[in-house]
Every structure is written in C-alpha cells, then in structure tokens.
Amino acid sequence: FLFNSALVESGRWQPWNQVFDVVMKQIIHPVPMFVKKIESGIPQKLIPVGFDLEIGDWVSPNGIGVVNDILFTLSQNVADKNNYEAKLEITFSNKGDGIQETVISSRCGSLLKFPHQAPDSGYSNSMAIEQGRKNNVSFGQKYSTDRAYFIRVRTVLDEKGNVISAKYGRIGDSIMLSGIAKEDVYLRFVYYLNPNGTRNLEYSGENLFKDDKRQYAP
C-alpha cells in the first residue's frame, strides 16, 4: 500500500462524505422446502435411474424413493489415468417436467442469489453433462458457483398443454461428477424443492428433511 498525501485534507480522506446506495434484496415470503445435499454413487450405469426429490433417495429398487422426479443415465469410459470420460444424461419421465440452466453471479454481495420465483416456462426435458481428461488435459463442465438451475417436476397439464399444477425448485452451483477414473462415480449437487405448488424459491431455513441438521443457504 502506497500512501498518497493528495487524498488527505484536514485529516480526512478525500472526497469526504460520499453517499453510496446499497440495494438490499427484499424478503417476501420464505417457505419451508425439501433441501438436500446429494453426494451419492449412481446405482447403475447405462440405464436411467430415478431419484425422488421429496423422499431424497433413489427410486426402488435402488432406494426407498417412489416417484421418478429426475432420471440420471451414466455412461463411462476409462482407458487409463490420463484418458477417461463420463457423460451424465438428465431426463424427466413426466410430460411438462424439466430443467433450465441459468447464471447467477456469486459476486452479487448477498446470499439471496436466486430470484423470488422460478420461471413459468423455458424448461428442457433433457440435459447432458460431460467431464473427463484426454491426454492428461481436463475437458467438459467445471465447477462454478455462478452456474445454477431451475427445475419443475410433478407437472400436470391440461388438454392444451397449459400447466395446471407443478412443483418447482432450484439447484445451486453445479451438478458435478467425481471419481470418473474409478469404478464408482459420485454425483454431487444441492437441491431445494418447494412442495406447496407455487413458483416461490425463497427458502425459510426450515428443512422438511427433519433429520438433516446442516445449514443451507437461503
């Protein structure tokens, strides 16, 4: 740090008495949600494996889940420690369900990064994530705190394709794979699901998974 005497006058930094506007995000109506950090091996490869967001587990016979909210299909190829790859296909079996990627800056100065509501349209029924190394150079999706996703599940449509009801949620940061060069590939992400049928994304801090004592971002 270099002291600049030209910035000081009468013992005060100049310019003095500046006014800075600080914009604070409004808290409107936070609600309890199902919130879970997934750090799990994917039970099977090359076939879709369902995950139940309200139970927080893989769908039977791989877990105690009942509803295929999201389907994950993993393919993997390992040649050696410097050449390997994995592809994760994310799909939805229910018509109208889907995922929508967005960018939400982690440098916004607030933990309240997400908008108050999820979008009412723009959801895709499928998305693919690829990661790996080729000739010892990494490729594919990298972890980013700016990447995020909106999700819509359990959608009910009328005869014209309009949404009658649905459950909305969000996934913070990235959906990532780890252990790609090994036999057991792990899936990692954190999701929030609002069960009340609105597009509200404001988390109250009350986790409906009562056995999860971790603190999650609002």
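So, is R214 buried, exposed or partly exposed, and at what relative accessibility? At 41%, R214 counts as partly exposed, because that label covers everything between buried, under 20% relative accessible area, and exposed, over 50% (1.4 Å probe, protein chains only).

Before I go on, a word on what we have here. This is a predicted model, where local features need pLDDT of at least 70, side-chain atom pairs count only at pLDDT 80 or more, and totals for chains, interfaces and linings use all residues. Residues are numbered from 1 along each chain as its sequence is written, and side-chain values use heavy atoms, with hydrogens and water left out.

Back to R214. Its salt-bridge partner is D212, with the closest N and O atoms 3.4 Å apart; a salt bridge here is a side-chain nitrogen of Lys or Arg within 4 Å of a carboxyl oxygen of Asp or Glu. D212 is buried, at a relative accessible area of 13%. The whole structure has nine salt bridges.

Another one joins R154 and D69, at 2.8 Å from N to O. That one links distant parts of the chain: R154 is in strand β11 (residues 147-157), D69 is in the loop between β5 and β6 (70-80), and they're 85 residues apart. Strands are DSSP runs of E, at least two residues, numbered from the N terminus. R154 is partly exposed at 23%, while D69 is buried at 1%.

Now the rings. F51 and W58 are edge-to-face, 5.3 Å centre to centre with 85° between the planes, and both are buried. F51 and Y191 have centres 6.2 Å apart and planes at 80°, so that pair is edge-to-face too. Here F51 sits in strand β4 (residues 49-52) and Y191 in strand β13 (residues 186-194), 140 residues apart.

Last stop, the sheet. An open sheet of six strands runs β5-β4-β6-β7-β9-β10, with antiparallel pairing; two strands pair if DSSP finds at least two bridges between them. The edge strands, β5 (57-58) and β10 (137-140), each pair on one side only. Strand β9 (residues 126-134) meets β10 over four bridges, and Q131 has G140 in β10 as its bridge partner.

Terms used: Phe/Tyr/Trp six-rings, centres within 6.5 Å; stacked < 30°, edge-to-face > 60°.
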